[in-house]
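Here is a short report for a first look. Read it with the chain on screen.

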Amino acid sequence: MKLTVWTYEGPPHVGAMRVATGMKGLHYVLHAPQGDTYADLLFTMIERRNHRPPVTFTTFQARDLGSDTADLFKQAAQDAYDRFKPEAIIVGASCTAELIQDDPGGLAETMGLPVPTIALELPSYQRKENFGADETFFQIVRHLAKPVEKTAQVSANLIGPTALGFRHRDDIDEVTALLSDMGISVNVVAPMTSSPSDIARLGAAHLNVLMYPETAETAARWMERELGIPFTKVVPIGVGATRDFVAEVAALANVEPYLDDSRLRLPWYSRSVDSTYLTGKRVFVFGDGTHVKAAARIARDEMGFEVVGLGCYNREQAREIRAVAKEFGVEPLITDDYLEVERTIEALAPEMILGTQMERHIGKRLGIPCAVISAPVHVQDFPARYSPQMGIEGANVIFDTWVHPLVMGLEEHLLTMFREDFEFHDDAGASHHGGKALLRAEEEGSSAPDASEPVATMAPVPGGEVIWLADAERELKKIPFFVRGKARRNTETYAASRGVMQISVDTLYEAKAHYAR
């Protein structure tokens, strides 16, 4: 654990809250100080849920530390049961409460509550949010799931969706439709939408569809070992992955593979005339392991992008991401330090970023378009509309999501290119109000600035300061904004290496020719 302004993952108890909030009939009693109740906002504000998470906080304060905080926990647990009457209770401590070592699990066991009480051991100072969600779901499944008779119709469990997940709500509908087309029904969706009594029925399914390995792989492996339920390894994000998923499910369920791709538009759209400018675009991919692995494949094989870098913030997925990076011939970035991610992006100077809400902020600072592909996300990535990432419709949504920032980037570049034009200069206003446009000062007869006049002083370099002349600065603005920073740095380095203190248009093009060799 470290102090940081931004973080990709919260502490493990936030992962447990994601599981509890997604379920029904489950209550989470969390031994935590007053300040840790901020987590409610994650669900009510960011995810726009219309009810608070099913969490009771003990909310001890500093003055309580001199008395018996264990009694505070026991009273909170009893009050939670009396008020909410849940089918099951999970208990644990936040990172702060872990320090006082009250052992919520042991305390709850001595209370003799009339419902299953599941203790969570979440090491707050070694692990993070996704681990917390994965471990919490595993413990719930381990305590409640039992061997039961299989359903008459071939059925599957959808496991992994949680509250606060990236498009989990809509992915459930899309995967359900894929299975239904092959005659496979859904037995249980868990954790999201399920109750403890539903968890008890998990063993009735013929297979598990592991939608998000970050939050359910441990439970999937336990059910394979203890209940004999195989699970899928392919996550159906993207056209190729969806086809592979259908084939894998068909083999596990012993049914004929079938995929209705009549609604699929991504392949044609990515090959169409108005999309040809996408080909060869340099992209950097970062997020959770599952979405990064899928996005890299889509970027290269289905959109024609060039992946120049990729990485993930959750170390549990580091091995897989290193293997993907090796396949793509790039250096993997495994880190939860957003400043390191920003430095890598700046050095690679991609034309687009596929990342999280963090990378969206980084892209804004660096002037690089960004599409969000993974949690953590902000409120705008919980849309009211149907917007899955998985399956056929998910592929269509991904195309639109990724292309729109580039279209806007192209428009910005064109406006920059024609900034001197009478119709597009900064004072002209909207083009459909052309009659109201103001003339530029030089158009009214004023003289243009002297091309040899220095307009900007750059950072000191070996040998002195490099000065950009006005004509070179104007020429630099014609370079697309997403590579302009790299062009500026290369030109300054070139000029300094040759002892040139004033950069002219000739210097700019000499540097371009030098680095093109």
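Strand β1 (residues 26–31) runs parallel to β2, and three bridges join them. Tyr28 stands opposite Val55 in β2. Strands here are DSSP runs of E with at least two residues, helices are runs of H or I with at least four, and both are numbered from the N terminus. Two strands pair if DSSP finds at least two bridges between them.

This is a predicted model, where local features need pLDDT of at least 70, side-chain atom pairs count only at pLDDT 80 or more, and totals for chains, interfaces and linings use all residues. Residues are numbered from 1 along each chain as its sequence is written, and side-chain values use heavy atoms, with hydrogens and water left out.

β1 and β2 belong to an open sheet of four strands, with parallel pairing and the order β2-β1-β3-β4. Its edge strands are β2 (55–57) and β4 (117–119), and each pairs on one side only. Neighbouring strands are turned by 20 degrees against each other on average, direction ignored. For such angles, axes are lines fitted to C-alpha atoms, for helices over the stretch in contact, and angles run from 0 to 180 degrees between N-to-C directions.

## A covered helix

Buried means under 20% relative accessible area, exposed means over 50%, and partly exposed lies in between (1.4 Å probe, protein chains only). Among the buried residues of α1 are His13, Met17 and Arg18.

## Strands β5 and β7

Strand β5 (residues 155–159) pairs with β7 in the parallel sense, over four bridges. Leu158 has Val209 in β7 as its bridge partner.

How do the residues of β7 (residues 207–210) point? Leu207 and Val209 go one way, Asn208 and Leu210 go the other way, and all are buried.

Strand β9 (residues 306–312) pairs with β10 in the parallel sense over three bridges. Gly311 has Leu333 in β10 as its bridge partner. The C-alpha atoms of Gly311 and Asp288 are separated by 8.3 Å, with the two residues 23 apart along the chain. Asp288 sits in the loop between β8 (282–287) and α11. Its relative accessibility is 7%, so Asp288 counts as buried.

## One cavity

How many cavities of 30 Å³ or more does a search of the whole structure find? It finds one. A cavity is a set of points on a 1 Å grid over the protein atoms alone where a 1.4 Å probe fits but cannot get out; lining residues have an atom within 4 Å of a point. Points are joined across faces, edges and corners, and the volume is the space filled by probe spheres set on them.

The largest cavity has a volume of about 40 Å³. Its lining includes Ile237, His291, Gln389 and Trp402. α11 (289–302) and α15 (391–417) each supply at least two lining residues. α11 gives the most, with four.

## Cysteines

The count comes to zero disulfides, where a disulfide is a pair of cysteine sulfur atoms within 2.5 Å. Cys312 is buried, at 0% relative accessible area. Cys370 also counts as buried, at 15%.

Notes. On a 1 Å grid over the protein atoms alone, a cavity is a set of points where a 1.4 Å probe fits but cannot get out, and a pocket is an open set with protein on both sides within 12 Å along at least five of seven lines; lining residues have an atom within 4 Å of a point.
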